[in-house]
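Please walk through this structure step by step.

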Amino acid sequence: MRKTYAGLFLTSLAALMLEILLTRVFSVATWYYFAFFAISVAMFGLTVGAIFVYKRADLFTPEKLGERMALFALLFAVSVDIALFIFLSVPFYPRLTGLGVFSTAFIYLVIAFPFACAGVVVCLCLTRYPEKTSLFYAADLVGAGVGAFMVFPVLNAMDAPTAVFLVGAVAALSAVFFASDCVNTKLKKASSAAFILLSLLMAINFVYQPVRVEWVKASFNVPEFELWNSFSRIAVYPTRIVKTPYSWGLSSAYKADNPIIEKMIDIDGVSETVMTYYDGNPKSVEHLKYDVTHIAHYLRDNAKVFIIGVGGGRDI
(Lines give C-alpha, C1' and ligand atoms only; values in the text may rest on other atoms or scores of the structure.)
Protein backbone atom coordinates (compact mmCIF):
# COMPACT_ATOMS: atom_id res chain seq x y z
CA MET A 1 0.00 0.00 0.00
CA ARG A 2 2.91 2.37 0.67
CA LYS A 3 4.00 2.05 -2.94
CA THR A 4 0.50 3.03 -4.04
CA TYR A 5 0.67 6.13 -1.82
CA ALA A 6 4.04 6.96 -3.38
CA GLY A 7 2.61 6.45 -6.87
CA LEU A 8 -0.29 8.82 -6.19
CA PHE A 9 2.06 11.38 -4.62
CA LEU A 10 4.26 11.37 -7.74
CA THR A 11 1.29 11.44 -10.11
CA SER A 12 -0.21 14.50 -8.39
CA LEU A 13 3.21 16.16 -8.25
CA ALA A 14 3.75 15.58 -11.98
CA ALA A 15 0.24 16.74 -12.95
CA LEU A 16 0.50 19.99 -10.99
CA MET A 17 3.99 20.71 -12.31
CA LEU A 18 2.79 20.07 -15.86
CA GLU A 19 -0.15 22.45 -15.43
CA ILE A 20 2.07 25.31 -14.22
CA LEU A 21 4.82 24.62 -16.76
CA LEU A 22 2.29 24.77 -19.57
CA THR A 23 1.30 28.27 -18.47
CA ARG A 24 4.93 29.29 -19.06
CA VAL A 25 5.19 27.48 -22.42
CA PHE A 26 1.89 28.98 -23.59
CA SER A 27 2.96 32.48 -22.47
CA VAL A 28 5.95 32.26 -24.83
CA ALA A 29 4.51 30.26 -27.72
CA THR A 30 1.18 32.10 -27.74
CA TRP A 31 0.05 35.11 -25.71
CA TYR A 32 -0.23 35.70 -21.99
CA TYR A 33 -4.00 35.26 -21.80
CA PHE A 34 -3.58 31.72 -23.16
CA ALA A 35 -1.82 30.79 -19.91
CA PHE A 36 -5.37 30.36 -18.59
CA PHE A 37 -5.96 28.03 -21.55
CA ALA A 38 -3.47 25.63 -19.97
CA ILE A 39 -5.37 25.68 -16.67
CA SER A 40 -8.68 24.90 -18.37
CA VAL A 41 -7.05 22.04 -20.31
CA ALA A 42 -5.78 20.54 -17.04
CA MET A 43 -9.17 20.76 -15.34
CA PHE A 44 -10.93 19.36 -18.41
CA GLY A 45 -8.50 16.43 -18.72
CA LEU A 46 -8.65 15.46 -15.05
CA THR A 47 -12.46 15.55 -15.17
CA VAL A 48 -12.57 13.40 -18.31
CA GLY A 49 -10.38 10.84 -16.55
CA ALA A 50 -12.74 10.69 -13.56
CA ILE A 51 -15.80 10.37 -15.82
CA PHE A 52 -14.10 7.55 -17.73
CA VAL A 53 -13.58 5.64 -14.47
CA TYR A 54 -17.25 6.13 -13.58
CA LYS A 55 -18.61 5.12 -17.00
CA ARG A 56 -16.31 2.14 -17.54
CA ALA A 57 -16.29 0.63 -14.08
CA ASP A 58 -16.05 -2.82 -15.70
CA LEU A 59 -12.44 -2.04 -16.66
CA PHE A 60 -11.43 -1.29 -13.07
CA THR A 61 -12.37 -4.39 -11.11
CA PRO A 62 -10.54 -4.99 -7.80
CA GLU A 63 -8.31 -7.73 -9.22
CA LYS A 64 -7.14 -5.43 -12.05
CA LEU A 65 -6.88 -2.23 -10.02
CA GLY A 66 -3.11 -2.13 -9.51
CA GLU A 67 -2.45 -3.03 -13.13
CA ARG A 68 -4.82 -0.34 -14.39
CA MET A 69 -3.25 2.36 -12.21
CA ALA A 70 0.20 1.38 -13.44
CA LEU A 71 -1.00 1.36 -17.07
CA PHE A 72 -2.59 4.81 -16.92
CA ALA A 73 0.37 6.24 -15.00
CA LEU A 74 2.58 4.91 -17.81
CA LEU A 75 0.28 6.43 -20.45
CA PHE A 76 0.45 9.72 -18.54
CA ALA A 77 4.25 9.65 -18.62
CA VAL A 78 4.61 8.85 -22.31
CA SER A 79 1.81 11.16 -23.47
CA VAL A 80 3.38 14.13 -21.66
CA ASP A 81 6.41 14.00 -23.95
CA ILE A 82 4.39 13.22 -27.08
CA ALA A 83 2.00 16.12 -26.38
CA LEU A 84 4.93 18.50 -25.98
CA PHE A 85 6.49 17.32 -29.26
CA ILE A 86 3.20 17.88 -31.07
CA PHE A 87 2.54 21.28 -29.52
CA LEU A 88 6.03 22.57 -30.34
CA SER A 89 5.79 21.23 -33.91
CA VAL A 90 2.38 22.66 -34.83
CA PRO A 91 2.02 26.46 -35.09
CA PHE A 92 -0.73 27.50 -32.70
CA TYR A 93 -3.04 29.81 -34.65
CA PRO A 94 -6.07 30.82 -32.52
CA ARG A 95 -8.16 32.69 -35.10
CA LEU A 96 -11.80 32.48 -36.23
CA THR A 97 -10.84 30.61 -39.37
CA GLY A 98 -10.98 26.95 -40.33
CA LEU A 99 -7.25 26.55 -39.62
CA GLY A 100 -7.51 28.52 -36.40
CA VAL A 101 -10.41 26.52 -34.98
CA PHE A 102 -8.85 23.20 -36.01
CA SER A 103 -5.39 23.99 -34.57
CA THR A 104 -6.87 25.25 -31.30
CA ALA A 105 -9.16 22.23 -30.85
CA PHE A 106 -6.40 19.81 -31.85
CA ILE A 107 -3.87 21.29 -29.42
CA TYR A 108 -6.51 21.39 -26.67
CA LEU A 109 -7.23 17.66 -27.02
CA VAL A 110 -3.56 16.70 -27.34
CA ILE A 111 -2.61 18.60 -24.19
CA ALA A 112 -5.68 17.30 -22.32
CA PHE A 113 -4.84 13.62 -22.88
CA PRO A 114 -2.01 13.37 -20.29
CA PHE A 115 -4.25 15.02 -17.69
CA ALA A 116 -7.03 12.56 -18.49
CA CYS A 117 -4.65 9.67 -17.78
CA ALA A 118 -3.58 11.31 -14.52
CA GLY A 119 -7.26 11.84 -13.68
CA VAL A 120 -7.91 8.10 -14.01
CA VAL A 121 -5.09 7.33 -11.55
CA VAL A 122 -6.17 9.91 -8.99
CA CYS A 123 -9.83 8.90 -9.24
CA LEU A 124 -9.03 5.21 -8.73
CA CYS A 125 -6.91 5.91 -5.67
CA LEU A 126 -9.57 8.12 -4.07
CA THR A 127 -12.60 5.92 -4.83
CA ARG A 128 -11.42 2.31 -4.71
CA TYR A 129 -9.95 2.33 -1.19
CA PRO A 130 -12.78 3.81 0.94
CA GLU A 131 -11.11 2.88 4.22
CA LYS A 132 -7.93 4.70 3.16
CA THR A 133 -9.48 7.72 1.44
CA SER A 134 -8.12 10.26 3.92
CA LEU A 135 -4.55 8.98 3.52
CA PHE A 136 -4.79 8.91 -0.26
CA TYR A 137 -6.26 12.41 -0.28
CA ALA A 138 -3.36 13.58 1.89
CA ALA A 139 -0.87 12.02 -0.55
CA ASP A 140 -2.68 13.75 -3.42
CA LEU A 141 -2.62 17.19 -1.76
CA VAL A 142 0.98 16.92 -0.56
CA GLY A 143 2.11 15.80 -4.01
CA ALA A 144 0.33 18.72 -5.68
CA GLY A 145 1.75 21.16 -3.15
CA VAL A 146 5.31 19.92 -3.61
CA GLY A 147 4.85 20.04 -7.38
CA ALA A 148 3.76 23.67 -7.23
CA PHE A 149 6.84 24.72 -5.28
CA MET A 150 9.21 22.58 -7.36
CA VAL A 151 8.44 24.65 -10.46
CA PHE A 152 10.54 27.55 -9.14
CA PRO A 153 13.89 25.78 -8.69
CA VAL A 154 13.31 23.61 -11.75
CA LEU A 155 12.71 26.56 -14.12
CA ASN A 156 15.67 28.39 -12.62
CA ALA A 157 17.81 25.36 -13.47
CA MET A 158 16.50 24.42 -16.94
CA ASP A 159 14.29 25.56 -19.81
CA ALA A 160 10.55 24.85 -19.83
CA PRO A 161 10.57 22.02 -22.46
CA THR A 162 13.24 20.17 -20.48
CA ALA A 163 11.19 20.70 -17.32
CA VAL A 164 8.20 19.10 -19.08
CA PHE A 165 10.42 16.12 -19.94
CA LEU A 166 11.26 15.96 -16.23
CA VAL A 167 7.53 15.72 -15.52
CA GLY A 168 7.32 12.76 -17.90
CA ALA A 169 10.15 11.02 -16.03
CA VAL A 170 8.46 11.63 -12.66
CA ALA A 171 5.18 10.25 -14.01
CA ALA A 172 7.05 7.17 -15.27
CA LEU A 173 8.51 6.70 -11.78
CA SER A 174 4.97 6.72 -10.39
CA ALA A 175 4.13 3.94 -12.86
CA VAL A 176 7.11 1.96 -11.51
CA PHE A 177 5.68 2.21 -7.98
CA PHE A 178 2.18 1.18 -9.09
CA ALA A 179 3.54 -1.71 -11.18
CA SER A 180 5.74 -3.06 -8.39
CA ASP A 181 2.73 -4.81 -6.79
CA CYS A 182 1.39 -6.16 -10.10
CA VAL A 183 1.80 -9.70 -11.39
CA ASN A 184 2.13 -8.37 -14.95
CA THR A 185 5.88 -8.52 -15.55
CA LYS A 186 5.59 -6.82 -18.96
CA LEU A 187 4.05 -3.77 -17.33
CA LYS A 188 6.84 -3.68 -14.76
CA LYS A 189 9.49 -3.82 -17.47
CA ALA A 190 7.68 -1.22 -19.59
CA SER A 191 7.41 1.18 -16.64
CA SER A 192 11.09 0.81 -15.77
CA ALA A 193 12.13 1.21 -19.41
CA ALA A 194 9.95 4.32 -19.78
CA PHE A 195 11.49 5.87 -16.67
CA ILE A 196 15.01 5.27 -17.98
CA LEU A 197 14.27 6.49 -21.52
CA LEU A 198 12.34 9.59 -20.44
CA SER A 199 15.05 10.49 -17.92
CA LEU A 200 17.64 10.10 -20.69
CA LEU A 201 15.57 12.31 -23.00
CA MET A 202 15.39 14.97 -20.29
CA ALA A 203 19.17 14.81 -19.76
CA ILE A 204 19.88 15.09 -23.51
CA ASN A 205 17.59 18.08 -23.87
CA PHE A 206 19.13 19.71 -20.81
CA VAL A 207 22.60 19.53 -22.37
CA TYR A 208 21.94 19.98 -26.10
CA GLN A 209 18.40 21.45 -26.27
CA PRO A 210 17.26 19.78 -29.51
CA VAL A 211 13.67 20.39 -28.40
CA ARG A 212 12.83 24.03 -27.73
CA VAL A 213 10.11 26.58 -28.32
CA GLU A 214 10.64 27.63 -31.96
CA TRP A 215 7.14 28.80 -32.93
CA VAL A 216 6.60 32.01 -30.96
CA LYS A 217 3.39 33.99 -31.47
CA ALA A 218 2.73 32.00 -34.70
CA SER A 219 6.17 32.95 -36.11
CA PHE A 220 9.31 30.82 -36.42
CA ASN A 221 11.71 32.20 -33.83
CA VAL A 222 15.13 30.80 -32.93
CA PRO A 223 17.29 33.11 -30.79
CA GLU A 224 21.05 33.04 -30.43
CA PHE A 225 20.70 32.53 -26.68
CA GLU A 226 17.78 31.97 -24.31
CA LEU A 227 17.39 31.57 -20.58
CA TRP A 228 14.25 30.60 -18.66
CA ASN A 229 13.22 31.35 -15.11
CA SER A 230 9.99 30.90 -13.17
CA PHE A 231 8.31 33.96 -14.68
CA SER A 232 9.89 34.66 -18.08
CA ARG A 233 11.99 33.51 -21.01
CA ILE A 234 14.76 35.91 -22.04
CA ALA A 235 15.94 35.57 -25.65
CA VAL A 236 18.93 37.30 -27.27
CA TYR A 237 19.26 37.56 -31.07
CA PRO A 238 22.34 37.84 -33.34
CA THR A 239 24.38 41.03 -33.54
CA ARG A 240 23.33 43.59 -36.12
CA ILE A 241 25.11 46.72 -37.35
CA VAL A 242 22.75 49.57 -38.18
CA LYS A 243 22.86 53.23 -39.21
CA THR A 244 19.59 54.06 -37.46
CA PRO A 245 19.62 52.68 -33.90
CA TYR A 246 16.70 51.09 -32.11
CA SER A 247 14.74 53.76 -30.26
CA TRP A 248 11.37 54.66 -28.82
CA GLY A 249 11.35 57.92 -30.72
CA LEU A 250 14.50 59.28 -32.34
CA SER A 251 14.87 63.03 -32.82
CA SER A 252 15.23 64.35 -36.37
CA ALA A 253 18.25 66.27 -35.08
CA TYR A 254 20.22 63.02 -34.80
CA LYS A 255 22.89 62.60 -37.46
CA ALA A 256 24.39 59.13 -37.81
CA ASP A 257 28.19 59.30 -37.81
CA ASN A 258 29.21 55.72 -37.06
CA PRO A 259 27.39 52.38 -37.34
CA ILE A 260 25.69 51.19 -34.15
CA ILE A 261 26.25 47.60 -32.97
CA GLU A 262 23.18 46.10 -31.29
CA LYS A 263 21.70 42.84 -30.05
CA MET A 264 17.92 42.54 -29.74
CA ILE A 265 16.43 41.06 -26.56
CA ASP A 266 12.85 40.05 -25.87
CA ILE A 267 10.90 38.74 -22.93
CA ASP A 268 8.46 35.90 -23.73
CA GLY A 269 8.79 36.71 -27.42
CA VAL A 270 7.02 40.06 -27.22
CA SER A 271 8.56 42.70 -24.88
CA GLU A 272 11.56 44.00 -26.81
CA THR A 273 14.63 46.00 -25.89
CA VAL A 274 18.17 46.13 -27.22
CA MET A 275 21.73 45.84 -25.95
CA THR A 276 24.05 48.46 -27.49
CA TYR A 277 27.77 47.82 -27.81
CA TYR A 278 29.69 50.24 -25.59
CA ASP A 279 33.46 50.54 -26.04
CA GLY A 280 34.01 52.85 -23.07
CA ASN A 281 33.76 56.01 -25.15
CA PRO A 282 30.51 57.94 -24.47
CA LYS A 283 30.47 58.93 -28.16
CA SER A 284 29.60 55.33 -29.09
CA VAL A 285 26.23 55.62 -27.32
CA GLU A 286 25.60 59.31 -27.92
CA HIS A 287 22.49 58.47 -29.96
CA LEU A 288 20.70 57.68 -26.69
CA LYS A 289 20.62 61.45 -25.96
CA TYR A 290 18.35 61.89 -28.97
CA ASP A 291 15.75 59.39 -27.83
CA VAL A 292 12.46 60.67 -26.39
CA THR A 293 13.14 58.74 -23.17
CA HIS A 294 16.14 61.03 -22.51
CA ILE A 295 13.92 64.09 -22.12
CA ALA A 296 13.85 63.65 -18.32
CA HIS A 297 17.60 64.27 -18.23
CA TYR A 298 17.24 67.49 -20.24
CA LEU A 299 14.63 68.71 -17.80
CA ARG A 300 16.76 67.86 -14.77
CA ASP A 301 20.43 67.36 -15.44
CA ASN A 302 22.47 64.90 -13.32
CA ALA A 303 19.41 63.93 -11.26
CA LYS A 304 19.10 60.74 -9.25
CA VAL A 305 17.10 58.22 -11.26
CA PHE A 306 14.68 55.51 -10.14
CA ILE A 307 14.01 53.02 -12.98
CA ILE A 308 10.74 51.05 -12.95
CA GLY A 309 9.87 48.13 -15.23
CA VAL A 310 13.09 48.31 -17.25
CA GLY A 311 13.70 45.64 -19.89
CA GLY A 312 17.49 45.92 -19.71
CA GLY A 313 20.14 47.05 -22.20
CA ARG A 314 19.57 50.49 -23.74
CA ASP A 315 16.54 51.07 -21.46
CA ILE A 316 18.98 51.64 -18.61
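**From a glycine to the core**

G7 lies in helix α1. The model is a predicted one. G7 has a relative accessible area of 0%. That is under the 20% cut-off, so G7 counts as buried. Its contacts beyond four places in sequence are S174, F177 and F178. V121 is 114 residues away from G7 in sequence, yet the two C-alpha atoms are 9.1 Å apart.

Now take the helix itself. How do α1 and α3 run relative to each other? Their axes come within 11 Å and cross at roughly 10°. Angles under 35 degrees count as roughly parallel, so α1 and α3 are roughly parallel to each other. On the α1 side, the contact uses T4, T11, A14, A15, L18, V25, F26 and A29. On the α3 side, it uses M69, F76, V80, F87 and L88. By class, this contact has 11 nonpolar residues, 2 polar ones and no charged ones.

Next, the core. In soluble globular proteins, nonpolar side chains tend to be buried together. Here the largest nonpolar core has 77 residues. F26, F76, F87 and I111 have the most contacts inside it. The elements giving two or more residues to this core are α1, α2, α3, α4, α5, α6 and α7. Which of them gives the most? It is α1, with 14 residues.

A second, separate core has 5 residues, including Y237, Y246, M264 and V274.

Key. Residues numbered from 1 in each chain as written. Predicted model: local features only at pLDDT ≥ 70, side-chain atom pairs only at ≥ 80, totals over all residues. Heavy atoms only, no water. Core = buried A, V, L, I, M, F, W, Y, C linked by side-chain atoms within 4.5 Å. Buried < 20%, exposed > 50% of the residue type's maximum accessible area, 1.4 Å probe, protein only. Helix = DSSP H or I, 4+ residues; strand = E, 2+ residues; numbered from the N terminus. Contact = heavy atoms within 4.5 Å. Axes fitted to C-alpha atoms, helices over the stretch in contact; angles between N-to-C directions. Parallel < 35°, antiparallel > 145°, perpendicular 65-115°, else oblique. Nonpolar A, V, L, I, M, F, W, Y, C, P; charged D, E, K, R; others polar.
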